[in-house]
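Dear colleague,

I am handing over the structure we discussed, and I would be glad if you could read the notes below with it open.

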Amino acid sequence: MILEPLTLTPDHDLPGPLLTELTALYASNHAFYALSGDFPDPHDIRPEQVAKALADELANPDVEVLQARSAGQLVAIAITLAHHPDPGDPDPWIGLLLVDAAHQGKGHGRQLAARIEDRFREAGRDAVRLAALDNNPGAFAFWTTIGYETIGHRKDRQLGRPCTVLRKILR
């Protein structure tokens, strides 16, 4: 798996072919987006919606969007946050880890999570956090299987959805 940061054009846009790939990846996960409510119609996710969602993320200088490729094909993306807006929270966060539905169950999610953890470890970080939507038991099972532990419950900052906050010590 090749992992690289998402780069924008000089006009701060996503290159057209990449936006097409990203839209297909997002659209393949309509079950997740039906749970999350991030898009008005999870069965009709459009390029302009994906571009706006990623532009909103990239407007934060602490956010990094990583694309994961296998055999040249985009198989997953991850959005990480180096510093949480809550000053009392010392850990970086994984905001999203999304594997193309056609590639789920092949170890890409585990590999991407491990690579993200390595990046944070190399940056001198001691732990990483994330929030799994309470209505997404599959995500909770994935994260706990790879060593994340529940440390609390709260509503997410964006839409007020109930979430379980998980943390993993990076040693």
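What follows is a short account of an annotated span, one group of strands and one arginine.

Please keep in mind throughout that this is a predicted model.

According to UniProt, in an unreviewed entry, the feature "domain: N-acetyltransferase" covers residues 17–171.

Turning to the strands, S1 (residues 2–5) runs antiparallel to S2 and is joined to S2 by four bridges, with Glu4 having Gln67 as its bridge partner in S2. S2 also pairs in the antiparallel sense with strand S3 (residues 73–81), here over eight bridges, and in this pairing Leu66 stands opposite Ala78 in S3. S2 and S3 form a hairpin with two residues between them, and Ala71, which lies in the turn, has a positive phi of about 55 degrees. Because six of the eight residues of S2 (residues 63–70) are buried, this strand is largely enclosed by the rest of the structure.

The arginine is Arg129, which is found in strand S5 (residues 127–133). With a relative accessible area of 17%, Arg129 counts as buried, since the cut-off for that term is under 20%. Its side chain makes a polar contact with the side chain of Asp89, at 3.4 Å. Leaving aside residues up to four places away in sequence, Arg129 touches several others, including Pro90, Trp93, Ile151 and Leu166.

Best regards

Technical notes. Residues numbered from 1 in each chain as written. Predicted model: local features only at pLDDT ≥ 70, side-chain atom pairs only at ≥ 80, totals over all residues. Heavy atoms only, no water. Buried < 20%, exposed > 50% of the residue type's maximum accessible area, 1.4 Å probe, protein only. Polar contact = N/O pair within 3.5 Å; in protein donor to acceptor, adjacent residues only side chain to side chain. Contact = heavy atoms within 4.5 Å. UniProt positions renumbered as here; feature names shortened; annotations may be inferred. Pairing = 2+ DSSP bridges.
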